[in-house]
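I opened my notebook today to look at one protein model, one part at a time. Here is what I looked up.

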Amino acid sequence: MVTVEADRDGVERRLAAGELWCPSCGAALRGWGRARSRQVRGADGPVGLCPRRSRCTGCGMTHVLVPVTALLRRADTAAVIVSALAAKARCGFGFRRIAAELGRPGETVRGWLRRFAERAEAVRSTFTVWLAAVDPDPVMPEAAGGVFADAVTVIAAVAAAVGGRFALPTASLAETAVAVSGGRLLAPGWPGSAVQHESTLP
Ligand SMILES: [Zn+2]
């Protein structure tokens, strides 16, 4: 799976120009049909998701190009899920209140918060590495009062740094979370060994 921008035309242009690369071998990806479409629940209703598939011109592996609006195997858009994480981190809201505000079942929201909480330290560490990579002179965020909040704060710092470095409008919190995690922010097995990497930073 490869994470791409939400703009479909832009993705097609980059595919045609050979500007998307295979995560396995680094060769250019070509268009290869579409993955099965599904719907995810956005803040204002259902959003159709019909990801492009691609095939590597080098090793022949196929890769689904998943837009930064979606997290792997989640039925809600990344924006909705990350807004729940931010509400807990910034306002200290509990899952019931967040669920009521988002119009989602309490158990669903509790599941997102729990999954994120379990990996918050690893997430914080991973995004701290990214922050240092994106910004040569990063302002490390101050402790936000707990590892859950710290993790969200570092994601926000990376989003701001990406926006500043590439002169883009500040990359949204959710898009940054999806792009850096390859859609796996709440998926099993992520973020792997990031904690070890951080100790190698100056
Ligand atoms: Zn390849």
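Before I list any neighbours, I note that contact here means heavy atoms within 4.5 Å. I also note that this is a predicted model.

**Entry 1**

I began with helix H4 (residues 106–118) and helix H6 (residues 147–165), which pack at an angle of about 85° with their axes 9 Å apart. Angles of 65 to 115 degrees count as roughly perpendicular, so H4 is roughly perpendicular to H6.

Which residues in H4 and H6 meet? On the H4 side I found Leu113, Phe116 and Ala117, and on the H6 side Phe148, Ala151, Val152 and Ile155. I sorted this contact by class and got seven nonpolar residues, no polar ones and no charged ones.

**Entry 2: on to H7**

Next I followed H6 to helix H7 (residues 173–181), where the axes come within 9 Å and cross at roughly 95°. H6 and H7 are therefore roughly perpendicular to each other. H6 brings Val152, Ile155, Ala156, Val158 and Ala159 to this contact, while H7 brings Leu173, Thr176, Ala177 and Val180. By class I noted eight nonpolar residues, one polar and no charged.

How many residues of H7 are buried? Seven of its nine are, so H7 is largely enclosed by the rest of the structure. The buried ones are Leu173, Ala174, Thr176, Ala177, Val178, Val180 and Ser181. I then looked for what covers them, and found that the cover includes strand S1 (2–4), strand S6 (62–67), helix H2 (78–91), helix H5 (120–134) and H6. After H7 comes Gly182, with a positive phi near 60°.

**Entry 3: the zinc ion**

Which residues coordinate the zinc ion? I found Cys22, Cys25, Cys56 and Cys59, each through its SG atom, at 2.3 to 2.4 Å. The angles between the four donor atoms run from 97 to 118°, which makes the arrangement tetrahedral. Along the sequence, the donor residues are spaced C-x2-C-x30-C-x2-C.

How values were computed. Residues numbered from 1 in each chain as written. Predicted model: local features only at pLDDT ≥ 70, side-chain atom pairs only at ≥ 80, totals over all residues. Heavy atoms only, no water. Donors = N, O, S within 2.8 Å, 3.2 Å for Na, K, Ca; no water. Tetrahedral: all angles 85-135°; square planar, octahedral: opposite > 155°, others 65-115°. Axes fitted to C-alpha atoms, helices over the stretch in contact; angles between N-to-C directions. Helix = DSSP H or I, 4+ residues; strand = E, 2+ residues; numbered from the N terminus. Parallel < 35°, antiparallel > 145°, perpendicular 65-115°, else oblique. Nonpolar A, V, L, I, M, F, W, Y, C, P; charged D, E, K, R; others polar. Buried < 20%, exposed > 50% of the residue type's maximum accessible area, 1.4 Å probe, protein only.
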